[in-house]
Amino acid sequence: MKVFYPVFGFVLFLMVGCFDASEPTLPVYGFKKVVEKTVNGETIIDSLDHQIPPFSLVDQDSTVITEKTVNGKIYLVDFFFTSCFTICPKVKKNMKRVYQTYKDQEDVLILSHSIDYRYDTVGRLAWYADKFGIEAEKWHLLHGSYEDMLRMSYAYLLTALEDKEAPGGFDHSGSIALLDRKRRIRGFYDGTDADKMDDLIRDIAILLNE
């Protein structure tokens, strides 16, 4: 499975801020946005970190989930579909361990985006949540239009698109993205690799202490 769109090969991934060797830190991934600012009457050029744009999707409990839901929180993102028989069950099983680790931590959420906009209705997502034993309060299985999911996958730098030649009719990444309290991407993890969940659990703790 692909992890990034081809255009992302041209993206420069940048680390920001000063690094203190005594305290672990994580890079900030994505596009830098160049902006003009006026300071003391002078126009200067500055850059802003890549940030996930506003969104509005519906979860398995028919609750509308927006950027306000995750503001000030650490959250994980992946893309899947409930009828996926290849990597999705493995990714969800591995994510379940992260979910259980931080289940009682109010500042940590999970957003799983279904790219099967036709079949994965709210009711179907509720069934899937029950199957994996996850609660909507902490782990939102999201439904939206195909255009919504394309836009969000692009923002998260993850592949998720319709492809008739792919198993199940969709080509999607098995990666999990880690976002900080400012909706900035701070890491990518292979969701099919159980060992990578140890890295993810550790890195969530780093962001919680920032």
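1. How many helices and strands are there in the protein? The protein has five helices and 11 strands, taken as DSSP runs numbered from the N terminus, with helices being H or I of at least four residues and strands E of at least two.

2. This is a predicted model, in which local features need pLDDT of at least 70 and side-chain atom pairs count only at pLDDT 80 or more, while totals for chains, interfaces and linings use all residues. Residues are numbered from 1 along each chain as its sequence is written, and side-chain values use heavy atoms, with hydrogens and water left out.

3. Of the 210 residues, 47% count as buried, that is, under 20% relative accessible area with a 1.4 Å probe and protein chains only. Among the contacts (heavy atoms within 4.5 Å) between residues at least 6 apart in sequence, 70% join residues at least 24 apart.

4. Leaving aside neighbours within four places in sequence, Tyr 156 is in contact with residues including Ile 52, Phe 79, His 113 and Phe 188.

5. Ile 204 also belongs to the meeting of helix 5 with helix 2, where residues including Asn 94, Met 95 and Val 98 of helix 2 face a set that has Leu 200 and Ile 201 among its members. Helix 2 and helix 5 are roughly parallel to each other, a class for angles under 35 degrees.

Terms used
Angles under 35 degrees count as roughly parallel, over 145 as roughly antiparallel, 65 to 115 as roughly perpendicular and the rest as oblique. Buried means under 20% relative accessible area, exposed over 50%, partly exposed in between (1.4 Å probe, protein chains only).
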